[in-house]
Amino acid sequence: MEWTDRIGRRLSPRDLHVFLAVIEEGSMAKAAARLAVSRPVVSRAISDLEQALGVRLLDRAPEGVAPTRYGEALLHRARAVFDELRQGVEDLATLADPNAATLRIGSSPVNEAGLLPKVIERLSLRYPRMRFVTLTGTVATRMDALRDRRVDLALARAHAEDPGPDFVFEPLMHERLLVVTAEGSPWAGWGGRSLAELADAAWIIAQPEMAEGSPVGAAFAAAGAALPQRLIVSDSLSFRLSMLQARQHLTFMPDSAVLLAPRPPWLRVLPVELPRWRLPVVVATLRHRRPTTATELFIAEAHAVIREIAAQDPSMLPGYG
């Protein structure tokens with residue numbers, strides 16, 4: 001028997017929509033309220049799905065429902081189905097008018113201060129009604145959002161050469177960390193050349209900058225010094241800039257953020273040169289998911305922005321040398 005006869009004609013997009021709502025709400029009653037239908041309608045939709053597929057999709061308990069392993073498998077595919085439908089509708093609208101696009105972006109706090117607003121600013125000038133939705137979080141948060149199709153792309157530093165089976169990486173730039181402090185701090189006029197001279201200072205360092213393979217660890221080791229012990233660990237760029245104003249700390253900032261973000265007049269860059277990150281900042285997209293027109297426009301604009309700031313130092317560009 002053909003698939004369309006066995007299941008296809010009996011598998012309703014409406015039932016799948018109800019199934020997604022039940023999983024997301026954790027109960028049939030809450031899903032019914034969200035969908036503005038009665039609870040028996042929800043129950044019937046789930047029952048029809050289970051009958052059509054021949055498996056139990058939900059474990060039911062007094063405290064709510066949870067997907068079975070079959071439900072988890074269907075959940076993944078159902079999200080993909082509705083995401084593709086959403087993208088299809090948006091593609092049709094964008095073909096007629098790029099201003100109609102909505103772009104969902106996952107970004108790091110650092111890229112949200114530098115590269116991301118610059119790209120959005122330039123796209124907004126060309127497409128004034130284009131809508132942008134941003135999500136900031138850890139690398140894991142952003143990649144999970146991309147995997148779950150809650151964002152169209154993610155800005156992140158590549159975690160490995162191989163993006164793995166789920167993602168595609170488009171390299172953008174190799175950043176260099178700069179040592180910065182505030183005007184009036186004890187180090188603002190420092191004229192040394194070795195990080196070893198600064199090892200006993202109070203530092204604010206982001207977690208990724210302390211990880212294995214970071215240029216920070218390599219630079220301190222090359223200077224014959226261990227990582228600083230007087231330390232605040234924070235990934236938040238706004239927190240680090242706020243703390244610097246007390247004139248008691250040093251921190252690192254990527255050169256892209258210094259070049260692209262509005263630079264506080266009190267910020268001082270010290271004459272220390274660290275190696276560039278070996279792995280680049282990338283635009284990550286989901287493998288087997290066709291990029292939207294808005295995603296392609298974003299990637300092209302990001303490359304254009306980076307080419308401009310790399311004019312004085314092409315070593316920032318992927319593949320340089």
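**Close-up views of a predicted model**

**View 1. A network of salt bridges links Arg176, Asp255, Glu273, Arg276 and Asp313.** A salt bridge is here a side-chain nitrogen of Lys or Arg within 4 Å of a carboxyl oxygen of Asp or Glu. The model is predicted, so local features need pLDDT of at least 70 and side-chain atom pairs count only at pLDDT 80 or more, whereas totals for chains, interfaces and linings use all residues. Residues are numbered from 1 along each chain as its sequence is written, and side-chain values use heavy atoms, with hydrogens and water left out. In total, the structure holds 22 salt bridges.

**View 2. Arg176 and Asp313 form a salt bridge within the network.** Their closest N and O atoms are 3.7 Å apart. Arg176 lies in the loop between strand 6 and strand 7 and Asp313 in the segment after helix 13 (293-309), so the pair ties together parts that are 137 residues apart in sequence. Helices (H or I, at least four residues) and strands (E, at least two) are DSSP runs, numbered from the N terminus. Arg176 is buried, with a relative accessible area of 14%, and Asp313 is partly exposed at 28%. Buried means under 20% relative accessible area, exposed over 50%, and partly exposed in between (1.4 Å probe, protein chains only).

**View 3. Arg276 and Asp255 form a further salt bridge.** The closest N and O atoms of this pair are 2.8 Å apart. Arg276 is placed in the loop between strand 11 (267-269) and strand 12 (281-286), and Asp255 belongs to helix 12 (residues 255-260), so the pair connects parts 21 residues apart in sequence. Arg276 is buried, at 16% relative accessible area, and Asp255 is buried as well, at 7%.

**View 4. Arg157 and Glu175 meet through their side chains in a salt bridge.** The N to O distance is 2.5 Å. Arg157 lies in strand 5 (residues 153-157) and Glu175 in the loop between strand 6 (167-173) and strand 7 (177-182), so parts 18 residues apart in sequence are tied together. Arg157 is partly exposed, with a relative accessible area of 23%, whereas Glu175 is buried at 2%.

**View 5. Met316 is located in the segment after helix 13.** Its relative accessibility is 1%, and Met316 therefore counts as buried. Contact means heavy atoms within 4.5 Å. Not counting residues up to four places away in sequence, Met316 touches Met173, His174, Asp255, Leu259, Arg276, Ile306, Ile309 and Ala310. The C-alpha atoms of Met316 and Ser256 are separated by 9.2 Å, although these residues are 60 residues apart along the chain.

**View 6. An open sheet of 5 strands has the order 9-8-10-7-11 and mixed pairing.** Two strands pair if DSSP finds at least two bridges between them. Strand 9 (231-233) and strand 11 stand at the edges with a single partner strand each, so one side of each is left without a neighbour in the sheet. From one strand to the next, the twist averages 35°. Helix 11 (residues 237-244) packs on the sheet and touches strand 7, strand 8 (203-205), strand 9, strand 10 (250-254) and strand 11; its direction makes about 140° with that of strand 10. Axes are lines fitted to C-alpha atoms, for helices over the stretch in contact, and angles run from 0 to 180 degrees between N-to-C directions.

**View 7. Strand 7 is largely enclosed by the rest of the structure, because 6 of its 6 residues are buried.** Leu177, Val179 and Thr181 point one way from strand 7, while Leu178, Val180 and Ala182 point the other way. Strand 7 runs antiparallel to strand 10, to which 4 bridges join it; Leu177 has Pro254 as its bridge partner there. Strand 7 is also antiparallel to strand 11, with 3 bridges between them. In strand 11, Val269 is the bridge partner of Val180, and Arg268 is that of Thr181.

**View 8. Helix 7 (residues 115-126) and helix 13 cross at roughly 115°.** Their axes come within 9 Å. By class, their contact has 10 nonpolar, no polar and 5 charged residues. Ala, Val, Leu, Ile, Met, Phe, Trp, Tyr, Cys and Pro count as nonpolar, Asp, Glu, Lys and Arg as charged, and the others, Gly among them, as polar.
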